Structures are given as C-alpha cells and as structure tokens.
Amino acid sequence: MRARWRRLLSNVVVALCAGAVLLALVPLALVLFYVVTQGISSLSVAFFTEMPKPVGEAGGGMSNAIVGSLMVTGLGALFAIPVGVMSGIYASEYAGSRLASLVRFAADTLNGVPSIVIGVFVYGIAVLPFRQFTALAGGVALGVMMIPLIMRTTEELLLLVPPTLREGALALGATRARAVFTVIVPAALPGIITGILLALSRIAGETAPLLFTSFNNRFFSTDPTQPISTLTVQIYTYAISPYADWHRQAWAGALVLVSIVLLFSLLARFATARMERLQRGQ
Amino acid sequence: MPTRPPAASRDELLFRAGTGAFALLLIGIVAAIGVELFKESRLSIREFGWHFWLTDIWDPVAGEFGARPFIWGTLYSSILALMISTPIALGIAIYISELAPQWQRRPLVFLTELLAAIPSIVYGLWGIFVLAPFVRSLQLATPEWMRDIPLFSGPPLGVGMLSAALILSIMVIPFSSSVTREVLKAVPQAQREAAYALGATRWEAIRMAMFYARTGIVGAVMLGFGRALGETMAVTMVIGNSPQIAWSLYAPQYTMSAVLANEFTEATSDLYLHALVEIGLVLFVITLIVNVVSRSFIWSMGGQGSSRFRWLRQAAGARA
C-alpha cells in the first residue's frame, strides 16, 4: 500500500515537472506567435528604407532608427571589446592572482547591475557635463553592459586552450606576451568572436540604458555628438502612443529585433556545439 | 628558479601591466557607478534623509518626494513574480537535468534560454497588447464576492500589479532554471545511486539531490529575484505607473526602475533629478547585495565552472 502511494507520488511529481516545461513554453510560443503575425503584416521594404511618417500618414519606416541602433551598438563594441578581451586575458593568464579574482567579481557585479541604473550612471558622466544627449553616450552605456559578458567569455575560452600549445610556444623561446597573442588567443578566437557577437546581439535589444543617453531623434543622424534614434527606443515610443499606425510599426520593429537575436542565438548554439565536439575530440 | 634574460622579464612586466590596466578599468567602472550615483543624489539625501523612504507622496510639482510607493511596487512585484516563477523554474530544471531523455535536453535548454533572449521591450509590447487585455478580461470575470477581498479589488484596467508580476515571472524563469540546472549537475551521481539502492522512487531520489543542492537552489532563486528587481521596460509598460501602495493585484502601481524610465528626462529641477538618482542608487545597492549573496550561495555549491561554456550561453540571458 505504502509502496503504491510512494510510486504514485513520484509519478505525479514527474508529471508536474514535465508540465512546468510545457507551461514555460506557452508564453514563449505566444510571444513569438504575436511578434511574427503582427509584425509580418506591417513589415515591408519601406520599413528599412524610409523615415518615420508623422501621425496620420500611413506607411513610413524606421531607417533612421535601424542605422542608429547599429551605430550605438558599434560604438559600444568599440569601447567594450578592448576592455573586455584584455581583462579577460589578464584573468586567465594570472588566474590565481588577487586582481584576477577582483576583476571577476567586478564583472559579475556589473553584469547584475540593472540596465536602467547604468543609464543613470552614464547620464551623470557623459550627458550632464555636456548638457546634451548624444549617440556617443548611448554607446558608452551599451559598452558598459557588454564588458562583463565579453570579459567572462574571453576568460573561459582562453582557459580551454590546451596547455600543450602554450608549452610548445614557450619551448620555442616565446615570451608570455608572444605566446598569448600569437598562439593562445588565435586558438580561442572563433569562440571569442562568437561570444562577442552573441553579446552584441543581446545588448542591441536594450532600451532602458538608451532612454536618457542617446535619447531619440526624429531625423536621420549619424553624428555621434547628437541624439540618435534607435530601434528599441522607437518601438517604445510607438508602443505607448495611442495611434494604431504606430502600433503596427512597433510590431514590425519587434519582429526585426527578435529575428536578429534569434539568428545570433542559433549561430552561437551551432558554434558552441561544434566547439564542444572539437573539445571532446582532443 | 632559473634566471630569465632581462628582455623577457621586461616583456612579461609590460604584458602584465598592459592587460592589468584594462582589468583595473573594469573594476574602476563598477566603483565609479557607486560614486557617481551617490554624488548625483546628494541634494536629495541631504534634504530628505531617511524621510525620503518613509513618505508616500510623490508630487514633483509641489516639490514633495516620497519614494515609499516605488520600493513597495518593486518588492511586491518581484516577490509575486518569484512566487509564480520558482515552482515552474525548479520543475524545468529537474525535468531537464534529472528526467528528460538525452535527445530532449539540448533543445529544451535552448528553448528555455530563448525566453531570456527576447528583449525586454518586446515583452513589454506583448504585455500591452496581449497580456494586459487578457488580465482585464480576467478581472471582468472575477466573481462579485471576490472583489470585496482587497487582493482583487479595483477597476478592471488590465495594466497593474498582476500583469507586471506575470511578465516578470516569464522573464525570470530562464535565469533561475538554468542556474538550478547547473547546481543540480554539481550533485555527485553517487548521491542519487545511493538513494536508488535504498529503494527510493524517482521523486525521492530527486528530493535527496535537491536537499544536497539546497544552498545553490536558494542562490538560483535569489539570482532571479535580483533580475526581477531591476527589470525596467516590460514592467514600466504594464504596471500602470501610479505611485500608490496597495495590496490589490489589479491596482496600477509603480516601481523604482519604472519611475526612472518615465520621469528622468522630465526632471525639471536639480532636487527632482537628485531624488530620482537616489532611487537609482538604492536600486543599485539592493541588487548588488542580492547578487553577491546569491552568488556566494551558488559558489559554495561548486556550480561555478561545472559547465565550461556557461558564459557563452549566458552571454545569453545576460540582462534584464
């Protein structure tokens, strides 16, 4: 009797766990379903090539916002990649040192800072002193968010490089710097690049840190010292507006954003799967 | 120790200093965030002191700044989200790491982590146009006698605490479930085998593993809590943005991050701006504490490093 009860309970819990998985997939399916169906009906070539139209005029696109998003993300990467990669190299080369554990701690901390708080921080250091919202400030905000991701990715991947490669380089008389930059980093490079691209695609979907750094711009601008329109902030503006036309544009923007993120996630998944296979092969 | 030629040691020194400088820069940024937030909120701190966090009136026009409703909204929405998401996240983690057949694992991990990949703004958009109307119909369908209970009172707006908590829980699930999965992976296989050898059922063996991993699981849930506290866009779009303290799930309320998103560019006076930055400062400190505590729990389990590509995948979830 008791054994039956125990088996029954076990089966119920197993079923509940499977149910939890299905339950979590429902919102995922719903979000993707709405983004695709609502987005696709409003997506057209014009969305990528035309400027936003004023309220009441149908059509128009978000060309300025797409260029703006690329630019702000690019500026962020420009600043985040050197800092992230170099500190990642430090953390893996001097893994046992006190500075390495401190920088690891700092990166994890930074990773946990709410994005809106990073926006406030960058407002204080890059907007307030110049009394001007700028694309550059938006880039700094996104850069700050990318750094911990890039640093930890670099560190983890460098530690995966087989020690025999390093020993070979050192045996040939290379200094540590030379071994790192000509042998170890190149060996891990495909993984590092994948990680960076993944981080970029994720950070490109950020809105909160841009609200009061790069702000928004109704015009086409590529000037880093001026406010700039971005896809995410534009979606936000449109979503909370009362106009049906703008809502459609917001859905189209969401579809573009989700496609980018999805594409990069899939790419990264294949890349990591391949690397894991290579790793096992060795 | 063999002595190195001087050229090599100079080279080494240069390398260490060069890369170390960037590491210091990273540490400097984190420190700078704290310093800057403190500096830009000093007017408000000096003017209101502790009073700021104990007052309910937020009326920038009249120069009254009381931040209690925001603290309330942030904590209430995050705790509700945790109550909804924790059982689901644990179920997912258990299913994937203990129960699922091998061929299901990778796809399921990918799908649940996709939940973390969808940008916050997209959740917000979906929240406004799909979730909030659904919650509104739920409110309309609430039977009369239930509406007398404070938890369900209020007009049917759709936007409000329940919508915010639901969307937060969806966003938090991938974090707590993936960390729980890592932690369960760190439980020695012998634990489970011993349980089975003593005649345990599947659930009893899992419970044993969960007991072994309890600190790490608490850490995983706390990590999700930290995410929920700081989440901005999706919450801002569905919580209704009304600074009031209410138990009602249907009442529009406000959070710390939402008030920053909405009012920061409209801050007309220095005092107003400093009051907002002070909210940011406290949000920073709270999430910092939650994160550090949760990470120390997870580390104590040795979950760290058990999966080598964790960071590549997590470059993923990354951000709220």
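Modeller: Let us begin with handedness: a crossing is left-handed if the near helix is turned anticlockwise from the far one by less than a right angle, and right-handed if clockwise. Helices (H or I, at least four residues) are DSSP runs, numbered from the N terminus. This is a predicted model, in which local features need pLDDT of at least 70, side-chain atom pairs count only at pLDDT 80 or more, and totals for chains, interfaces and linings use all residues. Residues are numbered from 1 along each chain as its sequence is written, while chains are lettered from A and ligands numbered from 1 in the order in which they are written.

Colleague: Which hand does the crossing of H3(B) and H9(B) have?

Modeller: The crossing of H3(B) and H9(B) is right-handed.

Colleague: At what angle do these two helices of chain B pack, and how far apart are their axes?

Modeller: Two packed helices are described by the angle between their axes and the distance between the axes. Axes are lines fitted to C-alpha atoms, for helices over the stretch in contact, and angles run from 0 to 180 degrees between N-to-C directions. Here H3 (residues 68-99) and H9 (residues 214-230) of chain B pack at about 140°, with axes 9 Å apart. Angles under 35 degrees count as roughly parallel, over 145 as roughly antiparallel, 65 to 115 as roughly perpendicular and the rest as oblique; H3(B) and H9(B) are therefore oblique to each other.

Colleague: What about H1(A) and H4(B)?

Modeller: The axes of H1 (residues 2-42) of chain A and H4 (residues 102-117) of chain B come within 10 Å and cross at roughly 50°, which makes H1(A) oblique to H4(B). H1(A) passes H4(B) in a left-handed crossing.
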